Amino acid sequence: MTDITAPKNGNLLEVKNLKMHFPIRKGFLRRVVGHVRAVDGVSFTVKEGETLSLVGESGCGKTTTGRCILRAYEPTAGRILYHNRAGAVVDLAQLEGYALKPYRREIRMIFQDPYSSLNPRMNVLDIVGESLRVNERLSGEALEDRVASLLRQVGLRPEYMRRYPHAFSGGERQRIGIARALALHPRLVVCDEGVSALDVSVRAQILNLLQDLQHEFNLTYIFIAHDLSVVEYISDRVAVMYVGKLVELADTEELYRNPKHPYTEALLSAVPKPDPRLNTMEEGIVLEGDVADPSNPPSGCYFHPRCRYAQEICRHEEPALSDRHGTGHFVACHFADQLQLNSILDIGQN
Ligand code: SF4
């Protein structure tokens, strides 16, 4: 029997040249005087069942990319091709209002802060059951049964469903957020810094839970994080963003062991080593200056004011993102083939 839910090319999502520019308005008449190019021509694919991580410092556009995919924002340009359950391809960027409704069920979000993302006036039954009430018109015992089942799936005791968020720890609250995201059987989950606010030991538990749920329900994740220490364990591929653009994208092992972009090298240098004798804090690459202003980015390579390998060409010619060797390792750097960058294995051992 043919499985019509299986995308023909294995891709669940294809993001093509996505742009999200926010207007800057000034003066009495609120004239547009410029644009913040939060996302500026980003392209990538996500295969069904895989985890793609988007990584970069604050302001690099990773969260905005996630919100465009969720259609919390209407993109300025580009395509967000989604292979739906019926086997058809829809461009989420073109859909409006009611036409988006089925996809809001299939694409869900887990939020960064488990403390502020749950309404303190709602108990767990209401938080997790809200979307079931609205979308599946469940109520009474049927609703309680579904919520109880969801709570069990995320490792919480169903008898706590009438408690309020303040009665739970940070890790438990994040589990409630995951149960809420799973309620409508999503296919794609955007996890926006979903474990960043948690202690390291709790973080590991939540990552394990997310992996278990992925295998059980064939979920696809887009995992958004500000550093590379969190995502190595959970990602199949990692995309590094800088000032609204992708600068490197590769399989996780390849990116960590053979980085090709100086920005990735700097992010890797900040990853703590499990062996405390390797004192990475002293060996880490300190990036000078702040992330470039997306409303007034530098000429040429946006990273050149902070790049320790920058040369004259970097100041006036923008490097294109390309997969030079056809291995699926994309990089945007003029000197990607010449630079010998430190990998996760080298940094801290020099
Ligand atoms: Fe550095 Fe130049 Fe490569 Fe940009 S293109 S990352 S400035 S070496």
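**Ground rules.** I number residues from 1 along each chain as its sequence is written, and side-chain values use heavy atoms, with hydrogens and water left out. Because the model is predicted, I note that local features need pLDDT of at least 70 and side-chain atom pairs count only at pLDDT 80 or more, while totals for chains, interfaces and linings use all residues.

**Entry 1: α3 and α5.** I looked up helix α3 (residues 124-136) and helix α5 (residues 170-182), whose axes come within 7 Å and cross at roughly 25 degrees; helices here are DSSP runs of H or I with at least four residues, numbered from the N terminus, and axes are lines fitted to C-alpha atoms over the stretch in contact, with angles from 0 to 180 degrees between N-to-C directions. The two are therefore roughly parallel, a term for angles under 35 degrees. I found V124, I127 and V128 in α3 meeting I176, A179 and R180 in α5, where contact means heavy atoms within 4.5 Å.

**Entry 2: α5 and α6.** I then followed α5 to helix α6 (residues 200-217), where the axes come within 10 Å and cross at roughly 20 degrees. That makes α5 roughly parallel to α6 as well. On the α5 side I listed G171, Q174, R175, I178 and L182, which meet α6 residues including V202, Q205 and I206.

**Entry 3: cavities.** My search of the whole structure gave 3 cavities of 30 Å³ or more, a cavity being a set of points on a 1 Å grid over the protein atoms alone where a 1.4 Å probe fits but cannot get out. The largest cavity has 15 lining residues, each with an atom within 4 Å of a point, and those closest to its centre are P262, C301, C307, C314 and C333.

Conventions: Parallel < 35°, antiparallel > 145°, perpendicular 65-115°, else oblique. 1 Å grid on protein atoms, 1.4 Å probe; cavity = no way out; pocket = protein on both sides within 12 Å on 5 of 7 lines; lining within 4 Å. Points joined across faces, edges and corners; volume = space filled by probe spheres on them.
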